[in-house]
Amino acid sequence: MHFIGVDLAWGEKSRTGVAVIDDHGVLQHLSSVITDEEIAAAVTPYLSDWAVAGIDAPLVVTNETGTRRAEKLLNHDFAKFDAGAHPANRTNPAFTERPRGARVCALLGFAIDPSSSAPRRAVEVYPHAATVALFRLGRTLKYKNKQGRSVDDMRTELLALTRLVESLSSAQPAAHVALNTEWRELVASIEGASRKSQLRMAEDQVDAVICAYVVYYREHRPTDVVTYGQYPDGYIVTPRLPADLVPSPRPPRAAQHVEVVRRATRRYAGTYPLLRRAADEASAVVVGILDEAGLNYLSVTGRAKSIESFAEKAGRMADGVPLYADPIAQIGDTIGLRVITYVHSDVAAVAQLLASEAEVLDDRDMGQETASEGRFGYASRHLQIRLAPADQAVHPAVGDRPVQVQIRTVLQHAWAEFEHDIRYKGTVPDEYRSDFDRRFSLAAGLLELADQEFSTIRERLRSGVHEVPEAQPEEDPRISPRELAAFLAGQYADSSWSRPEHYAWIAGLVLELGITSLAELAESIRAVDMSVIDHRMGYRSVPGAVRRLDDALLVAHGERYIALHDNAHRVDRLKARLVKMTKAA
């Protein structure tokens with residue numbers, strides 16, 4: 001009989017630890033893998049007879065939101081030892097469909113009912129709780145990568161855990177790991193680790209050994225094991241907490257803050273589905289504002305801050321002092337949007353437009369701050385906004401919540417994403433760090449120069465563009481979008497380009513008015529004084545070319561323009577704009 005431990009990554013791209021113990025408690029296999037197929041390849045040689053697996057990952061998740069009953073019950077006993085389990089629910093993309101743990105069990109032919117006596121079976125386990133119970137720890141060892149933990153601290157704690165695992169040779173039942181070659185190599189890698197990424201790979205395998213021992217322990221001492229929860233709704237199996245074990249004391253301030261963070265995280269988890277809807281609504285509002293103004297941009301994306309990310313940020317300390325005394329009220333980026341533009345001048349235009357359409361609570365130009373320090377690096381405009389009252393009424397999920405908006409060019413975005421992935425995920429060896437810093441700075445400087453050149457190219461094109469013939473189906477009576485773009489570039493030379501699809505859209509409106517040539521269009525708007533419109537609308541930045549034409553057609557044709565079929569979705573906004581643009585000076 002073999003006992004298999006799998007410290008399973010929830011995602012499909014992170015590493016998973018795999019360990020196998022035989023029926024004498026001897027460690028037979030230890031490895032780090034990634035894919036489901038690699039997991040199967042690692043354990044298949046040990047499935048010829050009976051096999052039991054302990055998997056550190058949810059196997060059954062039926063609740064749409066909140067926390068599983070199993071986690072609530074386990075946390076009641078173990079949270080005071082810092083061994084509480086993270087909430088699992090179907091709002092997490094990892095559990096929206098079938099959890100990965102269940103898929104792996106199906107691939108290997110494991111039954112996942114904890115009461116099963118099938119030759120191949122698996123149960124969900126939790127190493128943190130197991131270490132507290134097995135080794136009588138007053139608190140869990142802090143070998144996981146968290147804010148404020150150094151490589152030295154994590155290495156020391158992980159080595160302490162390996163010594164405790166080796167001490168199981170004198171436990172009942174005994175497990176023997178120290179003579180295994182893979183284990184010795186693993187311990188040596190921990191001792192020599194200089195980066196958190198090295199420790200992460202090692203900790204997965206140590207946890208896998210603990211998972212294997214938990215099911216080995218359960219086989220020999222079933223009365224000393226507790227199953228929290230039930231199979232239909234999700235469960236966790238772990239050694240029973242000793243009745244006389246008490247938590248180790250912690251500094252009063254830290255203990256108080258941990259409870260603050262715990263309460264705040266529970267509240268945040270309860271509102272997370274609403275925040276996801278709010279992020280979608282906020283994205284739609286910003287897209288509407290940009291499209292209405294006719295500004296050109298690449299993309300607008302939104303997200304609600306994950307529960308794990310919120311908990312991590314809420315728990316941050318500086319010199320022993322919590323950064324957020326009231327995390328729910330003070331963490332302002334729970335709803336985050338990112339606007340990607342093509343050129344740098346559009347970043348300022350987007351920021352000015354949002355300032356005119358929403359309340360700006362904070363505005364930081366990270367590029368200017370970097371430049372003021374005499375260096376090249378991260379460049380992005382960070383706004384915190386609150387929607388205008390009218391938009392709050394239409395989008396109650398957002399309401400008056402603050403919305404964090406990052407605005408950057410596509411080149412700035414590429415640099416920021418690559419730099420974050422490399423520099424802040426522990427993958428830069430210490431010996432290369434200074435060289436990589438220099439290269440990142442060089443790349444940032446080159447991208448800033450490229451942004452400037454792209455802006456120059458666009459400005460010159462905009463000032464010198466002429467009508468370009470465009471082949472168009474004979475049955476399409478519209479002014480072609482390309483001809484219209486060329487016309488508007490000459491008509492409104494100071495305006496920025498609009499999105500390509502907006503030229504096609506406005507061409508349809510022009511056709512609805514019965515206008516089929518540029519000469520007719522020019523005559524239609526000839527009497528409109530754009531300087532008066534700009535003054536009455538109070539534009540803080542020059543609108544895009546399509547918005548300029550939209551304004552001109554609205555003034556020139558009034559109610560007839562508002563009544564066009566393609567304007568049906570914005571009648572109220574057009575009426576409000578017309579009143580504003582035609583009011584007495």
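Residues are numbered from 1 along each chain as its sequence is written, and side-chain values use heavy atoms, with hydrogens and water left out. Because the model is predicted, local features need pLDDT of at least 70 and side-chain atom pairs count only at pLDDT 80 or more, whereas totals for chains, interfaces and linings use all residues.

The second largest pocket holds about 960 Å³ of space. Its lining comprises 37 residues, of which I289, E292, E357, R547 and R573 are the closest to the centre. A pocket is here an open set of points on a 1 Å grid over the protein atoms alone, where a 1.4 Å probe fits, with protein on both sides within 12 Å along at least five of seven lines; lining residues have an atom within 4 Å of a point. Grid points are joined across faces, edges and corners, and the volume is the space filled by probe spheres set on the points. At least two lining residues come from each of helix 8 (252–293), helix 11 (344–357), helix 13 (389–394), helix 17 (500–512), helix 20 (545–557) and helix 22 (571–582). The greatest contribution, seven residues, is that of helix 8. Helices (H or I, at least four residues) and strands (E, at least two) are DSSP runs numbered from the N terminus. By class, the lining has 16 nonpolar, nine polar and 12 charged residues, where Ala, Val, Leu, Ile, Met, Phe, Trp, Tyr, Cys and Pro count as nonpolar, Asp, Glu, Lys and Arg as charged, and the others, Gly among them, as polar.

On the surface, L298, Y342 and V410 form a nonpolar patch with about 230 Å² of accessible area together. Such patches join nonpolar side chains (Val, Leu, Ile, Met, Phe, Trp, Tyr) within 5 Å, from residues with over 30% relative accessible area and no salt bridge; areas come from the Shrake-Rupley method with a 1.4 Å probe, and for residues only the protein chains shown count as cover. L298 is located in the loop between helix 8 and strand 8 (299–304) and is partly exposed, at 37% relative accessible area (buried means under 20%, exposed over 50%, partly exposed in between; 1.4 Å probe, protein chains only).

The whole structure contains 28 salt bridges, each defined by a side-chain nitrogen of Lys or Arg within 4 Å of a carboxyl oxygen of Asp or Glu. R548 is buried, at 4%, while D534 is partly exposed, at 22%.

A second bridge joins R570 and D550 (2.8 Å, N to O). R577 is buried at 6% relative accessibility, as is D551 at 0%. Through shared partners, salt bridges join R547, D550, D551, R570 and R577 into one network.

Among the backbone features, a cis peptide bond joins Q172 and P173, with omega about 5°. P173 is in the loop between helix 5 (151–166) and helix 6 (181–191).

Technical notes
Patches are made of residues with over 30% relative accessible area and no salt bridge: like charges are joined within 9 Å, nonpolar side chains (Val, Leu, Ile, Met, Phe, Trp, Tyr) within 5 Å.
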